[in-house]
Amino acid sequence: MGAARSYAVIDPATGKLDRRIFTDEAVYADEMEKIFGRAWLMIGHESLVPAPDDFFHTYMGQDPVILTRDGAGRLHALLNMCRHRGNRVVRCDDGNQKRFMCTYHGWTYRNDGTLEHVPGESEAYYSALDKSALGLVAARVESYAGIVFATWDRDAPSLEAYLGDARWYLDTVFNRCDGGMQALGPMKWLEPVNWKTLVDNCSDNYHVPTSHLSSARVQTRWLGRPPLSHEDQFQSPNKHAFVNGHAITFREALDNAPRYMHGMSQETMRLFQDYHDATMPEAERRLGALRARRVQLANHSIFPNGILGFRLALPRGPRQTEFWHFVLLERDAPEELKRIIRIGSQANNGAAGLFEQDDVDNWRQVTEASTSPFARRQPQDLSMGLGHAGPHPDYPGLVSERYISENNQRLFYRRWQEFMNADSWADIALDPISARFDGIATMRG
Ligand code: FES
Ligand SMILES: [Fe+2]
């Protein structure tokens with residue numbers, strides 16, 4: 001691993017990964033600066049603050065942040081730390097407020113972060129306090145199709161450049177309909193795992209037939225879902241692609257079947273199919289025929305910690321992650337369909353979800369394996385599919401020959417390493433946007 005500023009944790013030739021990055025306190029502290037202090041981070045969704053003066057409490061890594069919509073409708077991401085001694089000025093999850101008053105000495109901020117009122121400003125401070133320099137610390141904020149991102153780094157590229165060609169894939173879920181999306185939640189829980197393992201798992205389709213065997217059998221038996229097998233996975237024409245730090249898996253849909261969603265079963269399939277058919281003209285207009293009909297986003301992650309749709313792996317120390325699970329729904333979908341997806345989402349990947357429980361046990365063990373003195377020196381093996389990925393004529397990014405591959409994992413840890421070794425954004429590479437974005441969908445929705 002080397003000195004603090006020189007990480008060499010993944011061997012690209014062999015896929016060996018130094019597992020000390022999952023438990024080492026110094027590495028974790030460095031991650032908070034080099035990755036969470038620098039990258040664009042998913043922090044919320046515009047639908048969580050729909051009206052003027054709404055706010056939603058969230059996090060950028062470990063830093064508490066208030067996502068606000070001011071009276072003029074502009075979004076702000078404000079560090080939830082009073083500039084006087086440091087108390088939190090918001091102590092609840094969400095609400096609607098024009099001002100936030102610190103309950104220690106009463107400094108009061110407008111919801112755009114401006115420090116408006118200081119008790120005793122003229123008497124105690126003799127009018128010598130520069131209030132204009134003491135607003136809540138603001139991050140840069142940008143949205144993509146309603147998902148709000150923020151970064152502390154003034155030198156970070158635009159969010160559009162940061163997402164790059166990954167957006168070509170992400171659009172197929174997040175930018176598919178004119179009415180946009182709405183976020184429900186989050187459901188929150190703590191997991192005794194390192195945050196990176198959750199992200200890495202987003203492209204790990206290899207584990208599904210083994211880890212989720214019993215869950216899948218329950219689904220097959222009671223919901224009429226097709227069985228999951230290794231054979232299906234190995235023969236699958238689905239794809240595994242990496243773009244700009246973001247890991248993608250997707251189905252190349254040559255039929256007219258809707259994208260797999262939680263809540264699908266024999267009983268509900270008709271509703272999903274009808275909705276798919278009814279919205280296809282809209283999707284084609286927004287995304288072009290190729291993306292609307294053939295590209296169905298599956299498990300994926302947005303660097304560093306956005307996972308599986310609109311869910312967050314918030315670091316809480318090297319051995320703990322606070323998981324935020326949102327359900328993201330197409331706003332104009334029929335209420336009955338939304339209800340089915342919402343319930344299906346909780347049943348699969350909520351805190352007590354069938355699949356989530358299988359996953360958390362694996363992730364916990366991966367983290368535990370990096371704690372004992374001898375075991376932690378034995379590397380992980382991420383060699384699957386080495387040398388079997390490259391450019392694809394139809395799909396952007398680096399695409400693996402097979403759906404089952406560890407290409408995305410190797411590249412995720414290389415991206416991590418690149419951030420950790422960089423002194424600034426000048427040292428971090430971004431692939432140029434080269435995909436063809438057919439249709440009318442834009443960054444703004
Ligand atoms: S700490 Fe907030 S007013 Fe003093
Ligand atoms: Fe899983």
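**View 1. A kink of about 125° in helix α8 is centred on G288.** The bend at a residue is the angle between axes fitted to the seven residues ending there and the seven starting there. This is a predicted model, in which local features need pLDDT of at least 70, side-chain atom pairs count only at pLDDT 80 or more, and totals for chains, interfaces and linings use all residues. Residues are numbered from 1 along each chain as its sequence is written, while chains are lettered from A and ligands numbered from 1 in the order in which they are written.

Helix α8 covers residues 269-294, 26 residues in total. Its end C-alpha atoms are only 19 Å apart. A straight helix would reach 38 Å at 1.5 Å a residue; this expected span is 1.5 Å times one less than the number of residues. Helices (H or I, at least four residues) and strands (E, at least two) are DSSP runs, numbered from the N terminus.

**View 2. Seven named residues of α8 are buried: F272, T279, A283, R286, L287, R291 and A292.** A residue is buried if 20 or more other C-beta atoms lie within 10 Å of its own, exposed if 12 or fewer, and partly exposed in between, with C-beta atoms placed from the backbone. The cover over these α8 residues includes α3 (166-174) and β15 (295-302).

**View 3. F56 sits in strand β3, residues 54-60.** F56 counts as buried because it has 23 C-beta neighbours inside 10 Å. Setting aside neighbours within four places in sequence, F56 is in contact with G44, L48, V49, L67 and D94. Contact requires the C-beta atoms of two residues, placed from the backbone, to lie within 7 Å. R83 is 27 residues from F56 along the chain, and their C-alpha atoms are separated by 20 Å.

View 4. P186 belongs to strand β12, residues 181-191. P304 is in the loop between β15 and β16 (306-307).

**View 5. D53 and L308 have positive phi, although neither is a glycine.** For D53, phi is about 75°. D53 lies in the loop between β2 (41-45) and β3. It counts as partly exposed, because 17 C-beta neighbours lie inside 10 Å. For L308, phi is about 45°. L308 is in the loop between β16 and β17 (311-315). L308 also has 17 C-beta neighbours inside 10 Å, so it counts as partly exposed.

**View 6. The protein chain holds 11 helices and 21 strands.** Its C-alpha trace spans about 75 × 55 × 40 Å along the principal axes. Of the 445 residues, 42% are buried. Among contacts with a separation of 6 or more, 66% join residues 24 or more positions apart.
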